[in-house]
Amino acid sequence: MAVHPQLPNAITIARILCAPVFLWLLLADDGRGGGLRWGAAVVFIVAIATDGIDGYIARRYDIVSDLGKLLDPIADKALTGVAFVGLSLLGELPWWVTIIVLIREVGITIYRFIVVSDHVLAAAWMGKLKTVAQAVALSIALVPFAGLSDASAWQDTVWWVSVITMTIAVVLTIASGLDYVVTEIRAARKGRVAR
């Protein structure tokens with residue numbers, strides 16, 4: 001089966017375009033657990049799931065591109081970044097969590113653009129694991145479980161699961177950021193030695 005070489009990039013761009021739609025749905029009714037909140041959760045979950053789809057297509061049909069390597073992590077950061085900000089604006093997530101995540105994400109993104117003429121900084125395994133952890137934590141935080149009729153019976157469990165998954169996501173966010181820094185410093189030293 002022939003696959004258009006730009007299909008993975010098109011999926012990635014669609015993920016970027018979902019970010020403002022998702023944020024509007026999340027904030028439109030002040031985060032209440034109605035239809036718009038459910039819509040926001042669904043848009044986020046579907047959009048973040050496409051991260052695996054575009055990567056699979058690119059690898060399966062050998063159409064991995066430098067543009068895709070650059071856009072893919074930016075798409076993830078756009079979507080997860082607005083989710084962190086949105087939850088903090090609604091008072092559902094402490095701002096310090098969002099600030100830590102944004103400093104790491106914005107810092108790595110800026111660095112990607114600085115070095116793009118020299119090399120493409122593709123997502124490392126720890127960065128991918130971080131994205132999965134953030135996706136899971138944010139999905140749990142976004143679904144309005146409290147609005148369900150039988151929510152009171154297991155609301156404490158959901159809260160603890162949310163706290164644990166968010167903690168894991170934040171720890172991996174910091175660890176993967178440090179991993180990128182260490183990897184790039186080592187690569188720069190090797191480059192100087194080679195020259």
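Two residues are in contact when they have heavy atoms within 4.5 Å of each other. Helices (H or I, at least four residues) and strands (E, at least two) are DSSP runs, numbered from the N terminus. The structure is a predicted model, in which local features need pLDDT of at least 70, side-chain atom pairs count only at pLDDT 80 or more, and totals for chains, interfaces and linings use all residues. Residues are numbered from 1 along each chain as its sequence is written, and side-chain values use heavy atoms, with hydrogens and water left out.

The protein chain holds six helices and zero strands. Read from the N terminus on, its elements run α-α-α-α-α-α. Of its 195 residues, 42% are buried; buried means under 20% relative accessible area, exposed over 50%, and partly exposed in between (1.4 Å probe, protein chains only). Among the contacts with a separation of 6 or more, 77% are between residues 24 or more positions apart.

Consider helix H3, residues 66-89. From its first C-alpha to its last, this helix of 24 residues reaches 35 Å, close to the expected 34 Å. The expected span is 1.5 Å times one less than the number of residues. In H3, 17 of the 24 residues are buried, so the helix is mostly covered. Just after H3 comes Gly91, with a positive phi of about 75°.

Next, how do H2 and H3 lie relative to each other? Their axes come within 10 Å and cross at roughly 160°. Axes are lines fitted to C-alpha atoms, for helices over the stretch in contact, and angles run from 0 to 180 degrees between N-to-C directions. Angles under 35 degrees count as roughly parallel, over 145 as roughly antiparallel, 65 to 115 as roughly perpendicular and the rest as oblique. H2 and H3 are therefore roughly antiparallel. Their crossing is left-handed; that is the term if the near helix is turned anticlockwise from the far one by less than a right angle, and right-handed is the term if clockwise. On the H2 side, Arg37, Phe44, Ala47, Ile48, Asp51 and Asp54 meet Asp72, Asp76, Leu79, Thr80, Ala83 and Leu87 of H3. This contact has six nonpolar, one polar and five charged residues. Ala, Val, Leu, Ile, Met, Phe, Trp, Tyr, Cys and Pro count as nonpolar, Asp, Glu, Lys and Arg as charged, and the others, Gly among them, as polar.

H2 also meets helix H5, residues 125-142, where the axes come within 9 Å and cross at roughly 165°. H2 and H5 are therefore roughly antiparallel to each other, and their crossing is left-handed. Here Arg37, Ala41, Phe44, Ile45, Ile48 and Asp51 of H2 meet Thr131, Ala135, Leu138, Ser139, Ala141 and Leu142 of H5. The residues of this contact divide into eight nonpolar, two polar and two charged.

Two residues of H2 can now be followed one by one. Ile48 lies in H2, which spans residues 35-60. Ile48 counts as buried because its relative accessibility is 10%. Not counting residues up to four places away in sequence, Ile48 touches Arg15, Asp76, Leu79, Thr80 and Ala135. Ile48 and Asp76 are 28 residues apart along the chain, and their C-alpha atoms are separated by 7.0 Å.

Asp51 is also in H2. With 19% relative accessibility, Asp51 counts as buried. Leaving aside neighbours within four places in sequence, Asp51 is in contact with Arg15, Asp72, Asp76 and Thr131. An α-helix has 3.6 residues a turn, so residues three or four places apart point the same way.
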